[in-house]
Amino acid sequence: MTDGTHDSRLDTADRYVFDRAWEREHERLAALEAVYDGVTLDRLAGLGVAEGWRCLEVGCGAGSVARWLAGRVGATGSVEAIDLDPRFADGHGLPNLTVRRQDVLTDPLPADAYDLVHARALLEHLPAREEALHRLVTATRPGGWVMVEDFDIEGAMAAAVARYWPVGHGELADRLYAALQAAFGNAGGYAGCGRWLPDALADAGLAEVGALVHAPVLPGGTPFLVLTLRQLRTPLLATGRITAQELDATVELIQRQEVRYMPNFMVTAWGRRPSRPDRRTGARTPG
Ligand SMILES: C[S@@+](CC[C@H](N)C(=O)[O-])C[C@H]1O[C@@H](n2cnc3c(N)ncnc32)[C@H](O)[C@@H]1O
């Protein structure tokens, strides 16, 4: 909501908790990338993304992961980046990167097509996350990799996040994370989604499933959570779990240069689509 009279969340059929039309949304997405890209890109490199791969980046946001993939796969590879709102990833000038508007839940995706399908901070927003994950898996070629990443700030994990807030402010953090959980839920999202990912990948038929849980501790003044709380002010207050004064105090606190705090736990999970057995011998073809 930008002016108190228009809520662009209502313009689309989806119930995304963030307002895509917020004037600082591009800046907020870039701030998210600045915090999380390090682990994401390390893990993608660890999966072996290399020259010639065909990749799909889903819910590409401001596009840093898509641009990194395009550099990695080179001229013989290709990257397709899709988002309901692809404006912020456009204009990259890279010949092997295509950016387009596409809904992961309703628009067609090719089957058995990609060496890698990646989505970060997407499934946690989708009420139909199981269906979305199924679509990502189906789009991956046999032998290819799926990597998905989502936050886990539910229950005990929210309490653990609060432990890494400045001494004396744990209660404020507890209130904030209760409000964030409720705001995600009210919009059809799931603040504990990260916890769900490893089993969901295995249940979707993937092999070699692995996961890691990571949690950055940020210096005060880091823009990501500040911008996120500004953007979510209306839905957070609507939960009744935090007051306007408490929210203002939180935003003021995490901008102080001398503090450190943890914004959330991020779960990075990956799995490989089994290769097809050879019809004659029953042996699995290499990926
Ligand atoms: C929180 S942002 C994360 C952006 C990026 N993946 C990152 O981690 O830097 C979620 C993105 O998913 C997009 N999105 C939400 N629902 C979608 C859908 N049904 N299909 C495609 N993209 C969607 C949003 O527009 C937004 O750009």
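Which residue in strand 5 stands opposite H118? The residue is M147. This is a predicted model. The chain holds 9 helices and 9 strands. Strand 4 (residues 114-120) is the focus below.

**Strand 4 and its partners**
- Strand 4 pairs with strand 1 (residues 54-58) in the parallel sense, over 4 bridges.
- In that pairing, C55 stands opposite L116 of strand 4.
- Strand 4 also pairs with strand 5 (residues 140-152), again in the parallel sense, over 6 bridges.
- H118 and M147 stand opposite each other in this second pairing.

**Burial**
- 7 of the 7 residues of strand 4 are buried, so the strand is largely enclosed by the rest of the structure.
- A residue counts as buried if 20 or more other C-beta atoms lie within 10 Å of its own C-beta.
- Across the chain, buried residues make up 41% of the 287 residues.

**Overall dimensions and contacts**
- The chain has a radius of gyration of 19 Å, which agrees with the value near 19 Å for a compact globule of 287 residues.
- The C-alpha trace spans about 70 × 35 × 35 Å along its principal axes.
- Among contacts with a separation of 6 or more, 73% come from residues 24 or more positions apart.

Definitions and conventions: Residues numbered from 1 in each chain as written. Predicted model: local features only at pLDDT ≥ 70, side-chain atom pairs only at ≥ 80, totals over all residues. Buried ≥ 20, exposed ≤ 12 C-beta atoms within 10 Å, placed from the backbone. Helix = DSSP H or I, 4+ residues; strand = E, 2+ residues; numbered from the N terminus. Pairing = 2+ DSSP bridges. Rg over C-alpha atoms; globule rule 2.2 N^0.38 Å. Contact = placed C-beta atoms within 7 Å.
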